[in-house]
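Reader: I'm new to this one. Can you put it up and take me through it?
Author: Here it is.
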Amino acid sequence: PPYYPELPKDQAADFAARRHRFQKRKDHRQTPYINHPVGVAYILTTEGRVTDPAVLAAAYLHDTVEDTKTTIEEIEAEFGKEVASIVAECTDDKTLHRDVRKALQIERAPRNSMQAKLVKLADKLYNLRDLERGTPVGWDKRRVKEYFKWSKEVIAGCKGTNDALEAALDDVINRNL
Ligand code: NDP
Ligand code: ZN
């Protein structure tokens, strides 16, 4: 067991920062990608009042498998089965067409674990607030609207998980749809 309780999430933050080190967000300011997983973990602790160390570690790691060369096996070896299974639930299969991936997220959301639902809710909240702040490079208003509509459907499948996160998501969606 870790010698102090913060170890899993500090280790996850360090791991994610290394893996995402060359990536940028899609905004015009080319924000470092790591701002996103850090923000997702921060939303979970401050707004969601989440303390589960596996959920917080998974929040930092949630895009490492989808967006870098990191594998689920590697996550399991470093962080154990519980964290790895949450990350796996939050990882889209990038070999599938975008429309198929989007449909699968909606379809699978209700059957995800509570832990994965928490990460997904915070992830969508972060991304929707990002979109509200600024339109990504190459996106038009219609594409932003489509993203809000799709997110609303994924979130609907995660309901009953965390009141504060769900209320914050309702707010940002109602302001933008
Ligand atoms: P993408 O999946 O390509 O991009 C959205 C993802 O980018 C987010 O989920 C987030 O993922 C990441 N991201 C990085 N930077 C930002 C940022 N600044 N703000 C928000 N998200 C960011 O988009 P979609 O394919 O979902 O596009 C939305 C809709 O637009 C689709 O439903 C499709 O119908 C339509 N579309 C239109 C196109 C067009 O050219 N008109 C082309 C493609 C789609 P993460 O959490 O992993 O970082
Ligand atoms: Zn994400």
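Author: One cut-off to begin with: a residue is called buried when its relative accessible area is under 20%, and exposed when that area is over 50%, with partly exposed in between. By that rule D63, at 6% relative accessibility, is buried. Keep in mind that this is a predicted model.

Reader: What pLDDT does the protein chain average?
Author: The average is 97, and 99% of the residues score at least 70. For the complex, the predictor gives an ipTM of 0.93 and a pTM of 0.95.

Reader: Back to the metal. Which residues are the protein donors of the zinc ion?
Author: H36 and H62 each donate through NE2, while D63 and D123 each donate through OD. These donors lie 2.1 to 2.3 Å from the zinc ion, which is ligand 2.

Reader: And how are the donor residues spaced in sequence?
Author: The pattern is H-x25-H-D-x59-D.

Reader: Is D123 buried or exposed?
Author: Buried: its relative accessibility is 12%, and the cut-off is under 20%, so D123 falls on the buried side.

Reader: How much of ligand 1 does the protein bury?
Author: Taken alone, ligand 1 exposes 910 Å², and the protein buries 78% of that.

Reader: How many residues surround ligand 1, and which are the closest?
Author: There are 18 around it, the closest being R25, Y33, R98, K102 and Y147. As for polar atoms, one in the side chain of R143 lies 3.0 Å from an oxygen atom of ligand 1. Another, in the side chain of D130, lies 3.5 Å from a nitrogen atom of the ligand.

Reader: Stay on D130. Which residue does it form a salt bridge with, at 2.7 Å?
Author: That is R133, with 2.7 Å between the closest N and O atoms. Both residues lie in helix α8, three residues apart, about one turn of the helix. R25 comes in as well: R25, D130 and R133 are linked in a network of salt bridges.

Reader: New topic. How many salt bridges does the structure hold?
Author: Twelve. One of them joins D14 and R18, at 2.9 Å from N to O. These residues are four apart in helix α1 (residues 7–19), so about one helical turn separates them.

Reader: How accessible are D14 and R18?
Author: D14 is partly exposed at 39%, and R18 is exposed at 52%.

Notes. Residues numbered from 1 in each chain as written. Chains lettered and ligands numbered in written order. Predicted model: local features only at pLDDT ≥ 70, side-chain atom pairs only at ≥ 80, totals over all residues. Heavy atoms only, no water. Donors = N, O, S within 2.8 Å, 3.2 Å for Na, K, Ca; no water. Buried < 20%, exposed > 50% of the residue type's maximum accessible area, 1.4 Å probe, protein only. Salt bridge = Lys/Arg side-chain N within 4 Å of Asp/Glu carboxyl O. Helix = DSSP H or I, 4+ residues; strand = E, 2+ residues; numbered from the N terminus. Near = heavy atom within 4 Å. Polar contact = N/O pair within 3.5 Å; in protein donor to acceptor, adjacent residues only side chain to side chain. Areas by Shrake-Rupley, 256 points an atom, 1.4 Å probe, with all protein chains shown as cover. pLDDT = per-residue confidence, 0-100.
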